[in-house]
Amino acid sequence: MARTKFDRQVDETAESVAFVIGRFLAGRPLRGERKTDATFWRKGTRVLPKVVEGHVSRSSYRAGWQRLTFRISGLAATGAGGYWTLWKNQDATFAAVRDVWENPDPAIATAQTGGIGLVSAAAVGGAVYGLATRKRREFMREWVTPLHEALAVPLGMSELTDPRRYLHIPRNFSDDDAEIRIDVPAHMRFNEDLVADLIVKKLALENVSFTWRRAGRDTHVIVKKRQAPPKMLRLSDPGVREILAKMPESAPLIGFGAGKKKVSVDLDADSPHVLISAGTGGGKSTILRTICCQFIHNGAHAYVLDFKRISHTWARGVPGVTYCRDIAEIHDALIRLAQEGQRRIRLAEQMADDVLEREPWRVGPRLVILLEEVNATMGQLKRYWAKIRESGDPKESPAVDALAEILFMGRQVRLHVLLVAQSATARAIGGPEMRENFSTRILVRYTLNAWRMLVPEVSPIPMPSQHNGRVQVVTRGRAQETQVLNLSNEEAREWAMSGIHSKGTAGPSLHQPPVPAAPPDDFAGACNTHAQEIPPTPATEPPASNRDLAAEARSLTPSPSPATPADTAAAATSPVQPAPADDHQELGLREAYDQHLSETIASLAALRWARANDPEFPAPVGKRGTAFLYRIGDLKKWARNRPRAATGTTDLD
Ligand SMILES: Nc1ncnc2c1ncn2[C@@H]1O[C@H](COP(=O)(O)OP(=O)(O)OP(=O)(O)O)[C@@H](O)[C@H]1O
C-alpha cells in the first residue's frame, strides 16, 4: 500500500521526537548541533572549528551529565508545580482564576505596584551588580580578552570560544606565587614558543617559566614566576649595606628586581627628575626616604617641601636638609631654587663643554627637592598667591612657574625634583608636556588610568601588585617590578648623617643673611659670608664644588640662628649703627623690597606674607593711592630682628 504524504510526515515527526528524546537523555544539545568539544563526562573548553559564527551559549560548554541533570530537575519541578496547582489544589486555582476574570481591577493594581517594585529592585540590583563586578569586567577587558584574541588563531581555536573556558588566569596573577593555566588543544599544530611569547607580552609578565603538558587529553601549559623580587628588603639583610655604600653618587638604589637585580635611578644618565605616583598608604614616603637619604649621604642637599608637615620626620635636623612645612616657605623655596637654577645655567654657559662634562659639580652641589603631595601643594600655592598678590603682580603663582622652570632645566644644573602625586594628572604636574621631564616614573598600586596617563609608552599594563613595597620602576620605556628597600626612619637618618654631612659641618640653607653689600643678583656672593663649607665629597665631588655651596645659603624659614661668624658680626653691628638718612623714607612694600630688603628677605611674596601673618610686622605710616607706605628704618629693623633659620637646617622643630 502506498504511503501517503501524511504517513511520511508522521514518520518524520516520530523520528524527530525520538531523536530529541535521545538527545535529551544523552545530555546533548536538543537541536542536534554540537558547538563545543564538551562530551557527556567532560566540560567543553573551546568552540569547534566548524562553528564560525553565531552565539555560543554557556550551556554549550556544559558536560552532558550536567545538562541531563538540569533537564530532569527542570522537568520534575514543572511537573510537581503543575500537579500542585492543577490537580491537588484545582478548586483553589480555578476560584482564583475566576475571581481575576470577573473582577480584574485589584489584580491589575497589584500587578502595577508589584511591577514598579520589581523594576526598581531590578535597577538597584543591576547597579549593585555593576559595581560589584566592575573589577572583574576590567580584568577581562584588560588582560583576558586581549590574550584570547592573540592566542585563538595560533592555537588553532575558534575565536568564538569563551576565553574563561581555557584561560585560567587568577585575578592576582602578578603575585609571586600565582599560577596561570592555559588549556591548549590536544593537536600538535601550534608553535609553543610563539604562544609563550604572546602570553608574556599580553600579560606583561617578567621572568616566568612555562611547563607544557602535551601528552594525553589534558593538554595545558602552566605559567609561573621563575624569579620574583624579594618579598622584603631591609638594610639589615646580608650585603645590602655594602651595596648601598657602593652605589654611584648619582644613582641611589631603589630596591631589588627579580633575581636580586639592583634597580636604581641615575639622575645624571636617565632623567634629572623622578615622578612617584601612588595612592595613600602605597609607600610613597618610604620610596622618598630611601632615595633621598642616599643623596644626602653622598653630599647632596635636600629641600623637603612637605605640606603635610610630618611625612619625613627622619629628615628633621639632618645637616643638609631644609624642611619647608608651610605654604609660604614652600612658595619662597621654589622661587629661590629656580633662581639658583638660572644662576647655574649662567655658570654652565661660561664653562667649556668638556669641563662641564668632566666636572659637573662645578655648577654647585646636587640639590634634591622632595615635593610631597603635588596635587594639594599646587592648589595651596595658587591660593596662597591669590591671597598675597597685589595689583601689578602676575596672575599665575610665581612658585608654580618656578617649579615648571626647574622641571625643564637640564641635568647639568644638578637640580632634581622627586615629585610625589597621589594621582598625577597632567594638570597637577603642570601639563602633559611636563610628564616628559620625568623619564623615570615609579608607580605603586596604580589604576589602569593612572598608568595610561603616566606611562603611555609601556603597554600592555603590568598587573599592579598589592604586596607592600612592590612597585614598577619605569625607565627608558621599560617597566621593572621592584621591591623597594624599606629603611626605617632611624636607618634613613643614620644613613643620611653618616656620609659627607657627618664630617662636622652643617649643610647650607637657602637663607640670605642680613648682611649688606652683596650684589642683589649674586646669589653665591651674597651667601658666602653665611654658608658653612661642606667637606669634599670623596671621589665624586672634589672640594672645588663646595665653594658653590654658598650659592644655596639662603633660608626661607624663620628659626633661631646659631651664630656663624658672619651672622654674629652682622647681628652685633646692625642694631647699634645709627640709621642712615634714607631710613626715614616712606615707601610701598614693593619699592621697599626692591631697594632695601631684597638682601634680607627671600622674596617679595615672603614680605607680603609676613605683613599678613607676623604680628611684629611694622605698621604702615601712610598711604599712597591704595598702597600702604612703610618707614624703611622700621622695616629694616623688623627684618633684622625677626627669627630665622639655623644654618644648615631650616627645620623649625
Ligand atoms: N618597601 C616596603 N617594604 C615593606 N613595607 C612597605 C614598604 N613601603 C611601604 N611599606 C608598608 O606600607 C606602609 C605605608 O608606607 P608609607 O608610609 O611609605 O606610605 P605612604 O604612601 O607615604 O602613606 P601616606 O599616604 O599615609 O603618607 C608602611 O608602614 C609599611 O608597612
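What covers the buried residues of helix 12? In this predicted model, the cover includes helix 10 (327-350), helix 13 (398-408) and helix 20 (604-613). Two strands also contribute: strand 10 (367-371) and strand 11 (415-421).

Start with the helix itself. Helix 12 runs over residues 374-388 and has 15 residues. From its first C-alpha to its last it reaches 21 Å, close to the 21 Å expected at 1.5 Å a residue. Its buried residues are V374, T377, M378, L381, Y384, W385 and I388. They cover an arc of only 130° around the axis, which puts them on the same side of helix 12.

How many of the six residues of strand 13 are buried? Six of the six are, so the strand is largely enclosed by the rest of the structure. R470, Q472 and V474 point one way from strand 13. V471, V473 and T475 point the other way. Both sets are buried.

Strand 13 pairs with two strands. Strand 12 (residues 440-444) runs antiparallel to strand 13, and four bridges join them. In this pairing, T440 stands opposite T475. Strand 14 (residues 478-484) also runs antiparallel to strand 13, here with six bridges. The bridge partner of R470 in strand 14 is Q483. Strand 13 and strand 14 form a hairpin with two residues between the strands. In that hairpin, R476 takes a positive phi near 50°.

Is S465 buried or exposed? Its relative accessibility is 6%, and buried means under 20%, so S465 counts as buried. The side chain of S465 reaches the backbone nitrogen of H467 at 3.1 Å. Leaving aside residues up to four places away in sequence, S465 touches S174, D175, R445, R470 and E481.

Terms used. Residues numbered from 1 in each chain as written. Predicted model: local features only at pLDDT ≥ 70, side-chain atom pairs only at ≥ 80, totals over all residues. Heavy atoms only, no water. Expected span 1.5 Å × (residues − 1). Buried < 20%, exposed > 50% of the residue type's maximum accessible area, 1.4 Å probe, protein only. Arc of directions from axis to C-beta. Contact = heavy atoms within 4.5 Å. Polar contact = N/O pair within 3.5 Å; in protein donor to acceptor, adjacent residues only side chain to side chain. Pairing = 2+ DSSP bridges.
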